[in-house]
Amino acid sequence: MTAARRLRWLELTPDYRCNNRCVGCWSVQDDGPSMTGAEALAALRQGRAEGVTALWIGGGEPTLRKDLFALASLARRLGYARVKLQTNGMMLAYEGFARRCVEAGVTEVAFSMKGAAAATHDRLARTDGCFALLVQGVERAREAGLALEGDVLAMASNVAQIPAMVALGAGWGFARFRVWMLSAVDGAQDLAAVQAEVPRIEDVAAGVAAAREAHAGRPDDFVVSLHTPACVLPPEHLAAAFDARAFGMRVVNPGGHAFDLADSPMEGGTFLPACAGCRHRSRCGGLRRDYLAVHGGGAFHAVA
Ligand SMILES: C[S@@+](CC[C@H](N)C(=O)[O-])C[C@H]1O[C@@H](n2cnc3c(N)ncnc32)[C@H](O)[C@@H]1O
Ligand code: SF4
């Protein structure tokens, strides 16, 4: 029997609109469905009924929602102690936006990073000038008193910049970082181009390890990686392996479609013959099929 999972986070994906066009992003459809106020209320109530007190608003780009402030304040009234925006940061550059977030009850912001400088970030987000807005958005969010963190999207052409992205974000006051390895999901537009940007897992692991070493003394979860199983991490950096089951997140999309993050194929789910006998097997989320399709399974091996 599987132990009951503890739900800790509710993620709402209110819609799929965005002001960036990041390479490989599966989450943008201009004509896609949009969550109604009644759906959001039902999801928030359900989360509270299950004891969840932390809300994560993603997307698409949540800062484009006209009902963002109403949603945040509703969540706080219902008893959510934490309300996090996961954002490209562009809207936060505008005068007063960060302050309005705070007034509505947003407590924290996770900023998406695709490069340590404008040339890489703007190219991978496919939006000229968006790095400059991100920088300004971070500054305004900090001034407004929001807690800050970073979501680093690792791609073939920025993987060498992982330590520099973490150093930059740490300088801005980010308290922790999650590294996401680009996935090339079936049906992605221009799949071959997206697959060409899927980084090698060894390079992601090396970047994560280097970033952690450069910030020794920070908490163990200062830099975690969503898609690097224990066998590709140096033993001294096993704490970098993100445990989706322990994280306890339920994602709710428009139309009421809901799933647990730990069950998403994005989190792995595939095991190889080479995994047999691995000491980490019971806690490992497995490998991503889209990664194996690009780079094969040569990097993975059972740990004795
Ligand atoms: C889809 S975005 C939505 C929220 C917001 N627009 C942002 O960029 O943070 C959520 C996270 O997914 C990551 N992401 C986007 N495309 C991805 C992909 N193909 N594989 C893995 N992560 C991806 C982004 O970098 C971001 O950290
Ligand atoms: S900003 Fe976020 S939602 Fe928009 S395209 Fe980039 S990753 Fe996707």
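**A guided reading of the model**

Mentor: Let us begin with Ala-210, which sits in helix H8, spanning residues 201–214. Please bear in mind throughout that this is a predicted model.

Trainee: How does Ala-210 count by relative accessibility?

Mentor: Ala-210 has a relative accessibility of 31%, so the residue counts as partly exposed. From Ala-210 to Met-91 the C-alpha distance is 31 Å, and the two are 119 residues apart in sequence.

Trainee: And Ala-211, buried or exposed?

Mentor: Ala-211 is also found in helix H8. Its relative accessible area is 0%, so Ala-211 is buried.

Trainee: Which residues of H5 are buried?

Mentor: They are Cys-130, Phe-131, Leu-134, Gly-137, Val-138 and Ala-141. Viewed down the axis of H5, these buried residues fall within an arc of 115°, so they line one face of the helix. On the other side of H5, the exposed residues are Ala-132 and Glu-143.

Trainee: What about H1, how far apart are its end C-alpha atoms?

Mentor: Helix H1 has 13 residues, 37–49, and at 1.5 Å a residue these should span 18 Å; the end C-alpha atoms are 18 Å apart, which agrees. Buried in H1 are Ala-40, Ala-43, Leu-44 and Gly-47. Down the axis of H1, the buried residues fall within an arc of 100°, so they line one face of the helix. Ala-38, Arg-45 and Ala-49 are exposed on the other side of H1.

Trainee: And in H2, is Ala-72 buried or exposed?

Mentor: Ala-72 lies in helix H2. With a relative accessible area of 0%, Ala-72 is buried. Its C-alpha is 29 Å in space from that of Asp-122, and the pair is 50 residues apart in sequence.

Trainee: Now the backbone. Where is there a cis peptide bond?

Mentor: Gly-59 and Gly-60 are joined by one, with omega at about 20°. Gly-60 belongs to the loop between strand E2 (54–57) and helix H2 (68–78).

Trainee: What is the phi of Arg-126?

Mentor: Phi of Arg-126 is near 55°, a positive value in a residue other than glycine. As background, most residues other than glycine have a negative phi, and most peptide bonds are trans. Arg-126 lies in the loop between helix H4 (118–125) and H5. At 51% relative accessibility, Arg-126 counts as exposed, since the cut-off for that class is over 50%.

Trainee: Moving on, which residues are around ligand 2?

Mentor: They are Cys-18, Asn-20, Cys-22, Cys-25, Val-28, Gly-60, Asn-88 and Lys-114.

Trainee: Which residues line the largest cavity?

Mentor: The lining consists of Pro-229, Ala-230, Cys-231, Phe-271, Cys-275, Cys-278, His-280, Arg-281, Cys-284, Leu-287, His-301 and Val-303. By class, the lining divides into 9 nonpolar, 2 polar and 1 charged residues.

Methods. Residues are numbered from 1 along each chain as its sequence is written. Chains are lettered from A and ligands numbered from 1 in the order in which they are written. This is a predicted model: local features need pLDDT of at least 70, side-chain atom pairs count only at pLDDT 80 or more; totals for chains, interfaces and linings use all residues. Side-chain values use heavy atoms; hydrogens and water are left out. A residue is near a molecule or strand if one of its heavy atoms lies within 4 Å of it. On a 1 Å grid over the protein atoms alone, a cavity is a set of points where a 1.4 Å probe fits but cannot get out, and a pocket is an open set with protein on both sides within 12 Å along at least five of seven lines; lining residues have an atom within 4 Å of a point. Ala, Val, Leu, Ile, Met, Phe, Trp, Tyr, Cys and Pro count as nonpolar, Asp, Glu, Lys and Arg as charged, and the others, Gly among them, as polar. Buried means under 20% relative accessible area, exposed over 50%, partly exposed in between (1.4 Å probe, protein chains only). Helices (H or I, at least four residues) and strands (E, at least two) are DSSP runs, numbered from the N terminus. The arc is that of the directions from the helix axis to the C-beta atoms. The expected span of a helix is 1.5 Å times one less than its number of residues.
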